[in-house]
Amino acid sequence: MTKTFHAPLMIADAVALLEAADGAAMPLAGGTDLLVQLRLGTKQPRTVVDLKRIPELTAVRLNNEGLKLGAALPAADLGENAAVKRAYPGLVEAAELIGSTQIQGRASVGGNLCNASPAADTVPALAALGAICEVAGPNGTRQVPVIEFVTRPGQTVLKRGELLVCLYVAARPARSADAYLRFIPRTEMDIAVVGASVDLTLDEKGICTNARVALGAVGPTVLLADDAAEALVGTSVDDAALALAAKAASAAASPIDDKRGTVAFRRRVIGVLTKRAAAIAAKRAAERN
């Protein structure tokens, strides 16, 4: 049963509160997952530390160095930022799939990451972009690649007293873009059965010079499908390259059978979504100067 609630205004104060609770505190970035877990009794912290009053954690900055995204920034704010949407459309697509419009007013990309669900929508998008996490704690700050942040379902690299402060995404090269697609049984407000994100760069002749492919909900954590990315590099992202990327993504997947999908189904669909996301990303990249 939660006994105390704090809403600090500074990162240092939040760290101190989390450390003082001796492992029995939890940060609240949006609460859309945590509040449900509290009601169900699956999480029972003595202290909840609300991060949304800390200015750095709800800020977004886009400049020549790239994107800096506060960990508690509501997904709705990200979706309404036209400049970020132009620069990183796949990331915004993923953020806009978190729950409903109302939920996005509270839910954050940082919270989606820290909840550590294999089916989280924004994590493949962040991983495809090579995003870096900034973590603050009693011993200062450290940086962790997004792809290493979640260690297993429900678990992250965060130690006692640490919290996720922000996410960094490198500046876009010319003629580069990303895309994210997922499959769900319903039209909206569901959890991904599979999800695929592709980020790529084209040269002036339309040849792919760099690519990253990240797969969600087909393993205990998000997977980087390096072979799928390599299938795209050096090609015009034509049908043959897309078919090879799809095959490689299916091979990289390590899904489970459950009530939402079989192993065979997930492997098949992750290939299809990788192919489609790569084609969308290539089209977008070709339209960018």
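This is a predicted model: local features need pLDDT of at least 70, side-chain atom pairs count only at pLDDT 80 or more; totals for chains, interfaces and linings use all residues.
Local features need pLDDT of at least 70 and side-chain atom pairs count only at pLDDT 80 or more, while totals for chains, interfaces and linings use all residues. Residues are numbered from 1 along each chain as its sequence is written, and side-chain values use heavy atoms, with hydrogens and water left out.

**The sheet**

An open, antiparallel sheet is made of four strands in the order β11-β12-β13-β14. Strands are DSSP runs (E, at least two residues), as are helices (H or I, at least four), numbered from the N terminus; two strands pair if DSSP finds at least two bridges between them. β11 (176–183) and β14 (223–224) are the edges, each with a single partner strand, so one side of each has no neighbour in the sheet. Eight bridges join β11 to β12 (residues 194–202).

**Salt bridges**

The whole structure has eight salt bridges, each a side-chain nitrogen of Lys or Arg within 4 Å of a carboxyl oxygen of Asp or Glu.

| Pair | Closest N and O atoms |
|---|---|
| E162 and R142 | 2.8 Å |
| D199 and R172 | 2.6 Å |
| K283 and E287 | 2.9 Å |

D199 lies in β12 and R172 in the loop between β10 and β11, so this pair ties together parts 27 residues apart in sequence. Buried means under 20% relative accessible area, exposed over 50%, partly exposed in between (1.4 Å probe, protein chains only). D199 is buried at 9%, and R172 is buried at 17%. K283, by contrast, is exposed at 54%, and E287 is exposed at 55%. Shared partners join R172, D178 and D199 into one salt-bridge network.
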